[in-house]
Amino acid sequence: MTTGIVYHPAFLTHEQHPLHPERRERLAYTDDQLTEEGMWEDPRILRLHPRPATREELSWVHDERYLNFLEQSSRTGGVIDLDTVIPPGLFAQVRLAAGGGLVAGESVMAGTVRNAFAMVRPPGHHAGTCSGGGFCYVNNVAILVQSLKRKGCAKILILDWDAHHGNGTQEIFYEDPDVLFTSIHQSGFYPGTGDATEIGAGEGTGYTINMPVPAGSSDEVYQYLLAEVIGPVAEEFNPDFIAVSAGLDNHFTDPLAGLALTAGGYAATMAFAVELAGRLCAGRLAAVLEGGYSVEGGLPYTTIGIIAALAGMDLSGIRDPSSYGPLFRRAFNPGALRHVQETVRLLRTVHGNIWHCLS
Amino acid sequence: MLFTGIDIGGTNTDIAIVDGDVLTRKVPNDAGLRGALDSLDIRGRLAVSTSQPLNRLIAAPPASVYAITIPGPGLPSPGSVAGMVNHRGDILEEIDPAAIRTALEEHAAEYLAICGKFSVRNPALEEQVRSIALSFYPPERIATSHGLARLDFPARRVTTEVNARVLEIVAAMVRTISGYAQDFLFFKGDGGLASAGAVLRDPSVLFNSSPAAVALGARYLTGRSDCLVVDIGGTTTDLVPLRDGAPCMQDVRIDGKNAFIRSVQAESIPFGGDSVIEAHLSPRREGNPMAFGGGRPTLTDALNRCGASIGEAARSAHLDPDRAAQAVRAYISRIAAGVRASDAKIIVGAGFLADHLIPEIGREAGVRCILPDHAACANAIGVAVSRVSLSLRVHVDTGRRRVVINGEPVHLHQEMDDDELVAWCKGEVRKRALCMGAPEEDVADVSLAYFSAYDVIRYGRKKERIADLQVAITPGITVDAK
């Protein structure tokens, strides 16, 4: 079985502004790295072509008035917030990005591929039912999850490891007990949500698990949270599908965040998710690209790590260039793990009565 | 203008001299390349198609090739040593010369391939490894990968291993042929010509050039742009489609792996003039036909028994006439089936036995057939009348003030906008083709096969620009021969 990569050169064309961090250049070096690694020709990789999501598919997640606003603003240009302007032609691009996530899920469900990575732009996890923001317009991973529910997946686990909290995704599924939203993100950071005490509401109480981590958190913090929280909870939840909001901005070179994950740490994190999917849901997993702004120094290495882990390739060479040593040492916070251990104790308190494994 | 073309096939070497008139000749391969060249009074331009030795080498069991790779971070690779070039062509990790010497001492092999990730953006590390390796291998047994100019490290590695194996043979050919004609050109698998210097940088371009040669020759002799060329050789009969005046190209895989080797699409049917007749016609060659001194009857002998007069026809008398007729019928119906499957409306005959077999194949397949004069040596004619083809893959990084053309860095002297850059690259490919001896008219039309460019933004400001493009002069018939 192969790993699908949904990618299209059209994903490079979206630009709010030529100088914006979420710009065309973002995936150019990564595309070079993937090409040089022979990924597109590798028999373990199947390149999947995105289709534009339909208006109806977008409306599974978003309010009609918000979609009308996006569509109309896309004709002339518009503004959501200072970081998120609407350039002319945006609507077609967000439909293609959302469709990229849908193709990833559909291909996994159809058995065309074992798992898939939708390498789409623009990202989506800050977009809520009636709002955009943080470079996001429509919520690609939420639309994917809604399509999976319609394809018969009763329970879906979302693992969002973008450095910024996936406030849009949390909002959309906050009261939904069929979707377990888990998020590891930098605390005290944009968008300001994602406290460990935000645990869902109504029937969805307990189905939102936030794991804020301090600046400088590195590989051992992620592995700790995977082993102590995400793995056990996932087993108890027993999902039919795992959807990953794969932010690449936790890398220690990222200019818009302060975390310290390495390329090897990314590969190990994805390998954990792949192993979990293999154990719990016949390997069914789709990842959608979210943020990641270390376009030249980070993304080429972290993306290879993620894809190699998805495809079960040899991960022994996944690492950062050795010349990055000083950058890593500057970003790394040796006290982060102790801090996160405290957070997990808090999580056990707020979630212990819902999740046996945390009690 | 006078053009000489030589195509070294499996059994014979075909020679064509074209100067308005066409003169052709066949020389048996026993005499070797020198024998063929000795038989010529070379004037004008000499072009040589020599894919047979390479084809055999590539099909042979793998020779011992040691590949030193410089993979850096990412997917690991066998034979890896320290060192790293990144996607911008920056060296982020140096090689360790002592470790490379140890690796070379521990891995004795006949040939050495050196392949580093992103060497096409900066060949320095590959060159450093090569200079160390020169104490262990003769220069003509070492191939590096950067000249292949394309990203895709695994495919580059496979191609570099092929080049390591064939470089020495090609270099020896270059020395031999240069003794007869200083400025000769090689005929490549894509149907174009290239200088010896260019071929020595990537000898894999010579792979399987015969189908391209026969396609071009058939086009030259008939003026047909859309047809199926049926080339009847000694061992095989090749069906080569021509569309819009050009053969179709396909990727060649080596041991099931991707490589940067392309050749003309052809269906090779394993029957030809030398196929032996036992109870029936067999897809095997066991030496020459009896009419040419061989010991076993072949399709050629069968044609003699059906009324032809090929070679010493009397020697074919050994073959039973009924069996001969049956073998010829079997051959014709096998080839006609191939023609029918191709959907061709017109076939053009080529090869030594074309006169005797093509009309019958056309009749049975229900298609129109054309049998041009000199059909027997259409391949050598194709070689003679071909033109220089050349592709430049260019990577421009204004931040590094670097232009890399087919893996070789050049200093960027002046800033250019995108249009100026394309014009400059087109000028460069023309200049290089003219240096190989192409006439002005052949280089007038340069195509832009690929273009991609983006700005490098740092700290909210546009700092630099990166562009990748490919410009090409495509294969075809030289204007001077038209």
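The questions below cover a predicted model.

User: Which helix gives the largest share of the side of chain A that touches chain B?

Analyst: In this contact, 29 residues of chain A meet 25 residues of chain B. Two elements of chain A give two or more residues to that side, helix H1 (28–36) and helix H9 (299–310). The largest share, six residues, comes from H1(A).

User: How many charged residues does the side of chain A that touches chain B have?

Analyst: That side of chain A has twelve nonpolar and seven polar residues. Its charged residues number ten.

User: Are H7(A) and H11(A) roughly parallel or roughly antiparallel to each other?

Analyst: The axes of H7 (residues 219–237) and H11 (residues 336–351) of chain A come within 10 Å and cross at roughly 20 degrees. Angles under 35 degrees count as roughly parallel and those over 145 as roughly antiparallel. H7(A) and H11(A) are therefore roughly parallel.

User: How many charged residues are in the contact of H7(A) with H11(A)?

Analyst: From H7(A), the residues include A:Glu220, A:Tyr224 and A:Glu228, and from H11(A) they include A:Val340 and A:Leu347. The contact divides into nine nonpolar residues, no polar ones and, as charged residues, two.

User: Is the crossing of H3(B) and H4(B) left-handed or right-handed?

Analyst: The axes of H3 (residues 97–106) and H4 (residues 124–133) of chain B cross at roughly 55 degrees. The two helices are therefore oblique to each other. B:Pro97, B:Ile100, B:Arg101 and B:Leu104 of H3(B) meet B:Val129, B:Ile132 and B:Ala133 of H4(B). The crossing of H3(B) with H4(B) is right-handed.

Definitions and conventions: Residues are numbered from 1 along each chain as its sequence is written. Chains are lettered from A and ligands numbered from 1 in the order in which they are written. This is a predicted model: local features need pLDDT of at least 70, side-chain atom pairs count only at pLDDT 80 or more; totals for chains, interfaces and linings use all residues. Two residues are in contact if their C-beta atoms, placed from the backbone, lie within 7 Å. Helices (H or I, at least four residues) and strands (E, at least two) are DSSP runs, numbered from the N terminus. Ala, Val, Leu, Ile, Met, Phe, Trp, Tyr, Cys and Pro count as nonpolar, Asp, Glu, Lys and Arg as charged, and the others, Gly among them, as polar. Axes are lines fitted to C-alpha atoms, for helices over the stretch in contact, and angles run from 0 to 180 degrees between N-to-C directions. Angles under 35 degrees count as roughly parallel, over 145 as roughly antiparallel, 65 to 115 as roughly perpendicular and the rest as oblique. A crossing is left-handed if the near helix is turned anticlockwise from the far one by less than a right angle, and right-handed if clockwise.
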